[in-house]
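This briefing sets out selected features of a protein model for computational work.

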Amino acid sequence: MAIITDEQNKFFRLVTKNTEYQMKADNFGVLKHLWYGKHVNTDMDYLLQYPEISFSGNIYEAENDRTYSLNTLPLEYSCEGNGDFRVWALSAEHPDGTRALDLRFADFEVRKGGYAFPGLPAVYSDENETETLEVTLEDACSNICVTLFYGVLEELDIITRAAVITGGRETVYLERAASLCLDIPRGEWEWVHFHGRHAMERVTERAKLVHGVQESSSVRGASSHQQNPAVLLCSPDCTETSGECIGAALMYSGSFSAKIQLDEVDQTRLVMGINPDQFRWELRSGESFYTPEVILSYSADGMEKLSHNFHKVIRNNVCRGQYKLAERPVLINNWEATYFGFDEEKIFNIAKQASELGVDLLVLDDGWFGKRDSDCSGLGDWTVNENKLRGGLGKLVERVTGLGMKFGIWFEPEMISEDSELYHAHPEWAMTIPSRKPIRSRFQLVLDMTNPEVREYLFNSVSAVLKSADISYVKWDFNRHIADWYTPTLGKDNLGEMPHRYVLGLYELLERLTNAFPNVLFEGCSGGGGRFDAGMLYYTPQIWCSDDTDAFERTTIQYGTSFFYPVSAVGSHVSAVPNHQTGRVTPFESRAAVAMAGSFGYELDLNTLSDDEKNAVRGQIARFKKYGELIHNGLYYRLSDPLSDKVAAWEFSDGKDALVQGMVFRTAPTSLQLLVKLRGLDPDKNYRLDGTDFTASGAALMSGGYLLPRTWGDYVSFELYFRQI
């Protein structure tokens with residue numbers, strides 16, 4: 001049993017294979033957080049001993065007990081106006097302008113299976129995998145209720161968190177409604193977040209907590225390149241393989257906030273959810289507001305174990321459809337080969353060469369529709385440009401599929417160009433603020449996804465294209481962030497609902513399209529990795545990891561991505577050199593090695609390659625298909641830190657065999673050979689390195705390591721396959 005309750009004492013234990021989470025409602029009905037960590041099998045309330053701390057308010061019922069304060073107690077869900085001066089999870093404005101809430105325990109329910117909220121992505125499972133605890137808290141003055149949801153996936157060491165806020169006697173305005181409040185009363189913690197920018201996403205940064213509030217957030221209308229909605233808290237001694245750490249990933253693709261506060265008595269609070277800076281929601285009596293879900297996990301054995309927990313749950317219980325576990329087709333994308341300058345013959349010639357080399361899928365990127373010869377026009381007009389594709393899309397698709405390949409296509413449905421037929425017909429569908437000039441980005445505007453007419457137009461126009469030909473893949477792009485938050489569909493008092501309603505509109509459209517076209521592989525994209533989050537992975541089981549295809553840069557980007565997201569979700573391609581983003585020249589095999597740590601493909605014109613390079617492509621594709629099951633569904637190990645080490649190294653293992661790949665950044669003369677220490681092997685078994693007579697025990701390879709071959713030049717890749725014998 002994953003959820004153990006003591007109704008008399010209002011004590012709740014959430015028990016997974018290796019972890020335990022505890023909470024308890026005290027004599028005043030305050031729901032306190034007691035524990036999240038290893039199994040303890042004891043009510044940990046005994047640790048909550050507090051002295052009187054001046055300037056910490058005391059609830060009225062505590063009389064003159066000045067040691068009892070909501071400003072110091074670890075709480076399950078914090079709110080404004082009750083004497084807790086730390087970061088709040090919930091804030092509401094009442095009709096009289098006041099903002100106080102005082103949530104007390106009211107009821108609970110335990111049931112088999114998971115939970116899901118209308119219009120939002122969620123971890124799913126069958127009834128035997130998950131149990132759900134619902135704990136209802138109520139503010140007696142307003143009758144506002146908050147139901148906290150806890151989904152417990154026992155075997156995966158995963159707990160999901162979300163909240164439902166239900167209106168009381170009068171209409172209020174929610175000004176913050178977080179999904180997660182996690183208080184950690186003891187211990188020293190550090191913070192790991194994943195920052196970046198376009199073409200350099202999810203750079204790992206680890207910092208000591210300082211007293212006060214630290215935040216990872218986005219106000220861009222998307223989860224963003226700049227911060228990712230996933231954070232780690234770890235003990236100072238935490239490494240890949242030892243030490244405590246807690247991970248939290250928000251299943252949400254819009255503006256978010258993850259605030260971490262180290263308070264005056266060295267307690268840590270994490271509050272995570274929709275960004276309150278762009279949020280104000282009218283909550284009427286009896287209506288409910290549903291928060292996005294947070295995926296939560298704890299590891300006592302380092303960050304590697306934590307990553308494995310997240311990889312498993314995202315791969316098996318977030319991603320959906322026929323591609324969630326399937327090996328991805330090897331694709332060729334024409335973008336860096338042609339940009340906008342193509343016609344049907346140029347595309348067909350790329351496909352013809354690709355088919356001869358073993359590529360499975362051709363993706364036609366931007367420029368096939370409307371008046372689209374640059375990025376300044378045409379968005380919104382999802383009809384084929386027959387000046388480029390003479391005879392139409394169907395004819396080209398038939399020619400490509402006639403080669404034995406599949407066909408994919410690029411869309412950017414959420415955007416509109418002012419120079420487009422759609423804008424001329426419906427300028428009111430673009431997000432602009434009346435009387436102000438709109439903010440352009442990439443010389444385009446954003447469609448109002450809160451408007452059902454816009455969503456209906458997009459569903460019909462995208463569907464028409466997908467029905468017109470045998471299309472197997474869609475790349476869904478989003479190439480700017482949002483500044484002009486205005487819609488005529490909401491009154492001025494409710495414009496604070498727009499950022500969240502935008503995301504709900506996006507999810508509704510994606511749900512309709514993925515249901516209507518279940519055999520199409522949808523890949524998410526936002527100028528690369530600008531919307532790489534667990535919410536999008538519910539609809540698109542892979543996401544283009546970054547517009548930076550430079551193999552050296554990608555080692556850092558994919559390293560940071562791997563802390564929460566599985567390799568099967570990572571779009572990664574081999575591109576031309578000099579690289580189009582950095583000008584760097586890296587060896588062909590190195591570009592392939594890095595791209596194999598994802599959904600493998602090519603982003604260049606294969607016709608320009610030499611015969612030797614074409615033979616190399618055949619070999620790369622053959623190896624990827626040979627290793628594909630291991631790469632996408634095996635356990636992933638980070639064997640080095642490319643931000644500080646001389647080498648990037650990673651490993652895929654199924655417990656028997658292990659594939660080790662990576663890149664040596666610089667070759668140094670008269671130096672000892674670099675080595676990597678493998679992980680996840682059986683210490684009592686022996687392993688042979690493919691293509692050699694070398695054998696060693698699992699214990700030797702994990703403790704002593706393996707010497708990498710000597711290199712000549714820079715950015716040199718290696719690939720080692722160890723087979724259990």
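For the residue classes used below, Ala, Val, Leu, Ile, Met, Phe, Trp, Tyr, Cys and Pro count as nonpolar, Asp, Glu, Lys and Arg count as charged, and the others, Gly among them, count as polar. By these classes, the lining of the largest pocket holds five nonpolar, eleven polar and eleven charged residues. The model is a predicted one. Its largest nonpolar core has 199 residues, and its largest pocket has a volume of about 460 Å³.

**Largest pocket**

- The lining of the largest pocket is made up of 27 residues.
- His198, Arg442, Asn479, Gly527 and Asp547 are the lining residues that lie nearest the centre of this pocket.

**Nonpolar cores**

- Within the core of 199 residues, Tyr77 and Tyr602 have the most contacts.
- Beyond its neighbours within four places in sequence, Tyr77 is in contact with Ala89, Leu90, Leu103, Leu137, Val146, Leu148, Ala163, Ile165, Ala177, Ala178 and Cys181.
- Another core, of 19 residues, lies apart from the largest one and includes Leu639, Ala649, Leu708 and Leu720.
- In soluble globular proteins, nonpolar side chains tend to be buried together.

- Helix 4 spans residues 392-401, and its buried residues are Gly392, Leu393, Leu396, Val397 and Val400.
- An α-helix has 3.6 residues a turn, so residues three or four places apart point the same way.

**Buried polar and charged side chains**

- Asp550 occupies the loop between strand 28 (542-544) and helix 9 (551-561).
- Because its relative accessible area is 1%, Asp550 falls in the buried class, for which the cut-off is under 20%.
- The side chain of Asp550 reaches two backbone nitrogens: that of Phe552 lies 3.0 Å from one of its polar atoms, and that of Glu553 is at 2.9 Å.
- Ser216 belongs to strand 13 (residues 212-218) and is buried, with 0% relative accessibility.
- A polar contact of 3.0 Å links the side chains of Ser216 and Gln227.
- Gln227 is also one of the residues in contact with Ser216 when neighbours within four places in sequence are left aside; the others are Trp191, His193, Asn228, Val231, Phe256, Ser257 and Ala258.
- His573 is part of strand 29 and is buried, with a relative accessible area of 6%.
- The side chains of His573 and Glu603 form a polar contact at 2.7 Å.
- Not counting residues up to four places away in sequence, His573 touches Leu331, Asn333, Trp544, Ala595, Ser599, Phe600, Gly601, Tyr602 and Glu603.
- Between the C-alpha atoms of His573 and Leu604 the distance is 9.2 Å, with 31 residues of sequence separation.

**Backbone geometry in loops**

- The peptide bond joining Val577 and Pro578 is cis, with omega of about -5°.
- Pro578 is placed in the loop between strand 29 (570-575) and helix 10 (588-595).
- Asp157, a residue other than glycine, has a positive phi near 55°.
- The loop between strand 8 (145-153) and strand 9 (158-166) contains Asp157, which is buried at 2% relative accessibility.
- Ala199 likewise has a positive phi, near 70°, and lies in the loop between strand 11 (190-197) and strand 12 (200-208).
- With a relative accessible area of 17%, Ala199 is buried, because the class covers values under 20%.

**Exposed and partly exposed positions**

- Thr670 sits in the loop between strand 33 (658-664) and strand 34 (675-676).
- The relative accessible area of Thr670 is 87%, so this residue is exposed, a class that requires over 50%.
- Thr670 and Ala326 are 344 residues apart along the chain, and 45 Å separates their C-alpha atoms.
- Ala700, in helix 12 (residues 698-703), counts as partly exposed at 34% relative accessibility.
- From C-alpha to C-alpha, Ala700 and Leu630 are 22 Å apart in space, and in sequence they are 70 residues apart.

Definitions and conventions
Residues are numbered from 1 along each chain as its sequence is written. This is a predicted model: local features need pLDDT of at least 70, side-chain atom pairs count only at pLDDT 80 or more; totals for chains, interfaces and linings use all residues. Side-chain values use heavy atoms; hydrogens and water are left out. A nonpolar core is a set of buried Ala, Val, Leu, Ile, Met, Phe, Trp, Tyr and Cys residues joined through side-chain atoms within 4.5 Å. Buried means under 20% relative accessible area, exposed over 50%, partly exposed in between (1.4 Å probe, protein chains only). Contact means heavy atoms within 4.5 Å. On a 1 Å grid over the protein atoms alone, a cavity is a set of points where a 1.4 Å probe fits but cannot get out, and a pocket is an open set with protein on both sides within 12 Å along at least five of seven lines; lining residues have an atom within 4 Å of a point. Grid points are joined across faces, edges and corners, and a volume is the space filled by probe spheres set on the points. Helices (H or I, at least four residues) and strands (E, at least two) are DSSP runs, numbered from the N terminus. A polar contact is a pair of N or O atoms within 3.5 Å; within protein, one must be able to donate a hydrogen and the other to accept it, and residues adjacent in sequence count only if both atoms are side-chain atoms.
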